[in-house]
Amino acid sequence: MRAAGARAAATLACVLGDADLLRALSLAGIPCAVVAAPGEPARYSRFARVVLDWADAWERPEALLELLERFAATQPSRPVLFYEEDRELLLVSRSRERLSRSFRFVVPDAVLVEDLVDKGRFQALAQRLDLPVPPARMLNPRVDAVPVHLRFPLALKPLVRRGDQWNPIAGDAKALRFDARLGLVSLWPRLAAAGIPVLLQQLIPGPETCIESYHVYVDEHGETVGEFTGRKIRTWPPAYGDSPALVITEAPEVTALGRELVRRLGLRGVAKLDFKRAPDGQLYLLEVNPRFTLWHHLGARAGVNIPALVYADLAGLPRGRVLQARAGVRWCKPWDDVTAARAAGVSFLRWLPWALGCEAKRVVAWDDPMPFVRAVLWRGMSRVFRSGAVTHPPETRLS
C-alpha cells in the first residue's frame with residue numbers, strides 16, 4: 001500500500017484541457033500538471049502543481065510536442081496524459097509512438113480516431129457499420145455547387161472543426177441551421193473562400209434538449225470500466241451552441257445503444273456518443289468524440305470518475321469502486337446559463353437557487369476560488385492592455 005501511494009505521488013497527470021477536466025482529477029486526489037494558455041482558469045487552480053506554457057496543436061504541433069517532452073524529462077516517472085479537444089486528440093493520436101516514450105495515455109486505434117473526427121469519414125464509417133445516423137451529404141464549396149434537390153431543414157457542419165476557419169463564419173455555434181435553399185446559397189461563397197468542406201445533415205425534429213449522451217471508458221482488454229448517461233438542459237446559443245447546463249440521467253435505452261455501438265466500432269479508450277431522440281422515440285447518432293470532455297467533471301460528482309479510472313489503470317494502481325452514476329446530478333456554466341435560462345423564460349430569481357444547487361459548476365468553486373478570480377482579472381486587464389492604457393502583458397502584472 002505504501003509503495004502504491006509513493007508511486008501515485010510521483011506520477012503526475014498532465015492535463016491538456018480545461019478546469020472541468022482538472023477538477024475531475026482533483027476530486028480523486030490525483031496530482032496534476034496543467035498545459036494552458038495565459039488567462040485560462042485552470043492555470044490558477046490550487047490543484048495545478050505545475051503550470052506549463054501552451055502552444056496551439058493546430059498551428060504549432062511541434063512546439064507543443066517539444067514542450068511536453070521537456071516537461072516529461074523532468075519527471076521521475078512517465079506522466080499520464082489527458083486531452084480534451086479534437087486538436088489535442090489528433091496530436092496525441094498522430095504522434096502516439098513518439099509521445100509513448102514520455103507519457104502514458106489511452107487513445108483509440110489511429111484509423112478510428114481519424115474516422116470519428118472527420119465528419120466525412122464518419123459518414124462512410126457509419127454506412128459500413130450500419131450506425132443509426134441521420135442522412136447526410138458531404139460537399140466542398142470550392143468545387144461543388146449547392147445541390148438543387150435538398151430536403152430542408154438541414155444542419156451544416158464543418159468536416160473538421162477548426163476555430164480559426166469556422167468561427168469567423170459561425171461564431172461559437174457548432175453547426176448552422178438552414179430552412180430554405182436561399183440562405184445556404186448566400187453563405188456558400190464565404191465557405192468556399194475559407195476552404196471549409198462541409199456536411200449537410202438532415203435535421204431530426206426537436207429542441208437541443210432532446211440530445212442525450214453516453215459516456216464510457218473501455219480498457220485495453222475490451223472491458224467497460226465506467227459509464228454514465230446524460231442530457232442537455234439548455235444550450236447557448238439556443239441552436240447548435242455550447243451546453244451551459246447538463247444533468248446525469250438514468251437512460252437504459254441510451255446505455256444499451258451506446259454499448260452496442262462501442263462494440264461495433266471496436267473502440268478502446270474514452271468516448272462520448274451524442275444522440276438525438278426523435279419525436280417517435282428513436283435515437284439517432286450525431287457524433288462520437290473519442291476524448292475526455294467537460295462531462296467528466298459532472299460524472300465524477302455523480303460517482304463515476306472516468307479520468308480517475310484511466311489514471312489508476314495507467315499508473316498501475318487499484319481502481320476505485322465503480323458505482324452507478326446518480327441520476328439528477330447537475331452541472332452549469334453560470335455566466336452563459338443565466339442568459340440561456342432567461343431566453344427560455346426562466347427568471348433570475350428562479351434560476352439563481354437552481355444554479356447554486358448544481359453539484360458541479362464551471363470554474364466556480366468555494367474550495368478553489370482563484371481560477372474564477374484570476375480569469376476575471378485577466379480578461380479585464382487584457383481589455384485595458386488592448387486599449388493601450390498599459391504597456392505590460394497582464395500575465396506579468398498578475399504574477
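Me: Is Cys210 buried, partly exposed or exposed, and what kind of model are we looking at?
Reply: Cys210 counts as partly exposed, at 24% relative accessibility. Buried means under 20% relative accessible area, exposed means over 50%, and partly exposed is in between, with a 1.4 Å probe and protein chains only. This is a predicted model, where local features need pLDDT of at least 70, side-chain atom pairs count only at pLDDT 80 or more, and totals for chains, interfaces and linings use all residues. Residues are numbered from 1 along each chain as its sequence is written, and side-chain values use heavy atoms, with hydrogens and water left out.

Me: Where do Glu260 and Arg263 lie?
Reply: Both are in helix α10 (residues 252-265), three residues apart, which is about one turn of the helix. Helices here are DSSP runs of H or I with at least four residues, strands are runs of E with at least two, and both are numbered from the N terminus. Glu260 is partly exposed at 26%, while Arg263 is exposed at 57%.

Me: Which residues do salt bridges with shared partners join into one network?
Reply: Asp56, Glu85, Arg87 and Glu88. Within it, Glu85 bridges to Arg87 with closest N and O atoms 3.0 Å apart, and Glu88 bridges to Arg87 at 3.4 Å.

Me: How exposed are Glu85 and Arg87?
Reply: Glu85 is partly exposed at 40% relative accessibility, whereas Arg87 is buried, with a relative accessible area of 18%. Glu88 is buried too.

Me: Now the inside: which residues touch the most other members of the largest nonpolar core?
Reply: Leu68, Leu81, Phe82 and Phe103, out of 65 residues. A nonpolar core is a set of buried Ala, Val, Leu, Ile, Met, Phe, Trp, Tyr and Cys residues joined through side-chain atoms within 4.5 Å. Helix α12 (residues 306-315) gives the most to this core, with seven residues. Apart from this core lies another, of 23 residues, among them Tyr214, Val262, Leu273 and Phe275.

Me: What does Leu81 touch?
Reply: Not counting residues up to four places away in sequence, Leu81 touches Cys14, Leu16, Leu68, Val92, Leu99, Phe103, Arg104 and Phe105. Contact means heavy atoms within 4.5 Å.

Me: Back outside, which residues form the nonpolar patch on the surface?
Reply: Trp335, Val364, Met370, Phe372 and Val373, with about 390 Å² of accessible area together. Helix α15 (residues 370-387) gives the most, with three residues. Phe372 lies in that helix and is partly exposed at 37%.

Me: Last one, where is Asp144?
Reply: Asp144 is in the loop between β5 (136-139) and β6 (154-158). Asp144 is partly exposed, at 29%, and touches Leu139 and Trp188, not counting residues up to four places away in sequence. The C-alpha atoms of Asp144 and Trp188 are separated by 9.6 Å, with the two residues 44 apart along the chain.

Definitions and conventions
Patch = residues over 30% accessible without salt bridge, like charges linked within 9 Å, V, L, I, M, F, W, Y side chains within 5 Å. Areas by Shrake-Rupley, 256 points an atom, 1.4 Å probe, with all protein chains shown as cover. Salt bridge = Lys/Arg side-chain N within 4 Å of Asp/Glu carboxyl O.
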